[in-house]
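Subject: Structure handover

Dear colleague,

Here is the structure for your files. My notes on it follow below.

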Amino acid sequence: MQQKDLCGVILNGGGSTRMGTAKSSLALGSMTSLELITSTLSMVTDTIIVNQDEPLKEPYPVVADIYEDAGPLAGLHAVMKQRPATWVVMAACDTPFVSNEVYRHLIQEADDSVDAVIPVYEGRFHPTSGVYHIRILDKLESYLSQGGRKVRGLFDHIQIKELSTFPGIEQENLSMHFFNMNTPEEYALARDLFKNWKR
């Protein structure tokens, strides 16, 4: 798969109610969470979009949701609608330690037989770290227009590949990739983890 077929999207919505401040702007070392994620995604694709309502100081295009209060699916829909690419690679703003190794593995498993590749780690689905084909746009739009909001509900209408094995990727890198910080306590843990993080 060529880089030009990919678009990376960082979901930077949500209220951050548990954290009390915007998670994407939290500092880890000399970089913010958003900057860390974009730097990793840039190893996978040349095109990176930030999904949020407000303008951004950083030099990345911003796409706002079309459907309000519709969660991650609204972000995926908005990017596919306004800046289409063959495959969309997703990341959430509260996952600062995402791994280009994991994304490359997901992308390698993405082919014309599936609409999305969804990682499953320790028994849990991680749809906001998945890879989605542009062909789902019509079904996604229909699902959202009918009030659908749950990602798993969308999966009933598209062909997904669940990926629970990540050969050649160290366990530490996997646990870091799927780590998310939603509370001040988790942010404190992230700062500790960052000190020993091997990118």
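The largest cavity is lined by Pro72, Leu73, Met90, Pro127, Thr128, Tyr132 and Val151. A cavity here is a set of points on a 1 Å grid, over the protein atoms alone, where a 1.4 Å probe fits but cannot get out, and a lining residue has an atom within 4 Å of a point. The lining consists of 6 nonpolar residues, 1 polar and no charged. In this scheme Ala, Val, Leu, Ile, Met, Phe, Trp, Tyr, Cys and Pro are nonpolar, Asp, Glu, Lys and Arg are charged, and the others, Gly among them, are polar. The space in the largest cavity is about 30 Å³, and the structure has 1 cavity of 30 Å³ or more. Volume is the space filled by probe spheres set on the grid points, which are joined across faces, edges and corners.

On provenance: this is a predicted model, in which local features need pLDDT of at least 70 and side-chain atom pairs count only at pLDDT 80 or more, while totals for chains, interfaces and linings use all residues. Residues are numbered from 1 along each chain as its sequence is written, and side-chain values use heavy atoms, with hydrogens and water left out.

The protein has 7 helices and 10 strands, taken as DSSP runs (helices H or I, at least four residues; strands E, at least two) and numbered from the N terminus. Its radius of gyration is 16 Å, close to the 16 Å of the globule rule for 199 residues, so it is as compact as a globular protein of that length. That radius is taken over C-alpha atoms, and the rule is 2.2 Å times the number of residues to the power 0.38.

Of the 199 residues, 52% are buried, meaning under 20% relative accessible area with a 1.4 Å probe and protein chains only. Strand β6 (residues 87–92) has 6 of 6 residues buried, so it is largely enclosed by the rest of the structure. Trp87, Val89 and Ala91 point one way from β6, and Val88, Met90 and Ala92 point the other way. Met90 is also one of the residues lining the largest cavity.

β6 runs parallel to strand β1 (residues 6–11), with 6 bridges between them, and Leu6 stands opposite Trp87. With strand β9 (residues 131–133), β6 pairs in the antiparallel sense over 3 bridges; there Val89 stands opposite Val131. Pairing requires at least two DSSP bridges between two strands.

Helix α1 (residues 33–41) is mostly covered, with 8 of its 9 residues buried, including Leu34, Leu36 and Ile37.

Regards

Methods:
1 Å grid on protein atoms, 1.4 Å probe; cavity = no way out; pocket = protein on both sides within 12 Å on 5 of 7 lines; lining within 4 Å. Buried < 20%, exposed > 50% of the residue type's maximum accessible area, 1.4 Å probe, protein only.
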